[in-house]
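Subject: Structure handover and notes

Dear colleague,

Please find the structure below, followed by notes on what was found in it.

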Amino acid sequence: MVISCEVGLSKPDPRIYQLCLDRLGLAAPATLFVDDRADNVEAAARVGLQTLHFEGPDALERLRALVR
């Protein structure tokens, strides 16, 4: 678990994404980051995470298709 006020970082700072990956022991390409804010999604993509911008009426359908 990463709590932004405890670590002094918050989205879209790339260091918080890396910290999450480190704590999970995962490589960025093996993960999926989902957010409704474009700036957070763009920052996660720059770190190498797979991303989904959760917006629009088909957002849940697109998410389900990615995690099957």
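Asp58 and Arg62 join their side chains in a salt bridge, at 3.3 Å from N to O; the term means a side-chain nitrogen of Lys or Arg within 4 Å of a carboxyl oxygen of Asp or Glu. Asp58 is partly exposed, at a relative accessible area of 35%, and Arg62 is partly exposed as well, at 28%. Here buried means under 20% relative accessible area, exposed means over 50%, and partly exposed lies in between (1.4 Å probe, protein chains only).

Before the rest, the basis of these notes: the model is predicted, so local features need pLDDT of at least 70 and side-chain atom pairs count only at pLDDT 80 or more, while totals for chains, interfaces and linings use all residues. Residues are numbered from 1 along each chain as its sequence is written, and side-chain values use heavy atoms, with hydrogens and water left out.

Overall layout

The chain holds four helices and two strands, in the order α-α-β-α-β-α along the sequence. Helices (H or I, at least four residues) and strands (E, at least two) are DSSP runs, numbered from the N terminus. The C-alpha trace spans about 35 × 20 × 20 Å along its principal axes. Of the 68 residues in the chain, 24% are buried.

Other salt bridges

The whole structure contains four salt bridges. One of them pairs the side chains of Asp35 and Lys11, at 2.9 Å from N to O. Asp35 belongs to strand β1 and Lys11 to the loop between α1 and α2, so this pair ties together parts that are 24 residues apart in sequence. Asp35 is buried, with a relative accessible area of 8%, whereas Lys11 is partly exposed, at 40%.

Another salt bridge is formed by the side chains of Asp39 and Arg37, at 2.7 Å from N to O. Asp39 is partly exposed, with a relative accessible area of 29%; Arg37 is also partly exposed, at 47%.

The cis peptide

Lys11 is also joined to Pro12 by a cis peptide bond, with omega at about 10°. Most peptide bonds are trans. Pro12 sits in the loop between α1 (4-7) and α2.

The largest pocket

The largest pocket has a volume of about 170 Å³. On a 1 Å grid over the protein atoms alone, a pocket is an open set of points where a 1.4 Å probe fits, with protein on both sides within 12 Å along at least five of seven lines; lining residues have an atom within 4 Å of a point. Grid points are joined across faces, edges and corners, and the volume is the space filled by probe spheres set on the points.

The lining includes Lys11, Tyr17, Cys20, Leu24, Phe33 and Leu49. By type, the lining residues are eight nonpolar, three polar and one charged. In this count Ala, Val, Leu, Ile, Met, Phe, Trp, Tyr, Cys and Pro are nonpolar, Asp, Glu, Lys and Arg are charged, and the others, Gly among them, are polar. Which helix gives the most to the lining of the largest pocket? Helix α2 (residues 14-24) does, with five residues.

Leu24, one of the lining residues, is found in helix α2 and counts as exposed at 60% relative accessibility. Ala45 is in helix α3 (residues 38-47) and is partly exposed, at 38%.

The nonpolar patch

Leu32, Val34, Phe54, Leu60, Leu66 and Val67 make a nonpolar surface patch of about 470 Å². Patches take residues with over 30% relative accessible area and no salt bridge; like charges are joined within 9 Å, and nonpolar side chains (Val, Leu, Ile, Met, Phe, Trp, Tyr) within 5 Å. Accessible areas come from the Shrake-Rupley method with a 1.4 Å probe, and for residues only the protein chains shown count as cover. Two or more residues of the patch come from each of β1 (32-35) and α4 (59-67), and α4 gives the largest share, three residues. Leu66 lies in helix α4 and is partly exposed, with a relative accessible area of 48%.

Regards
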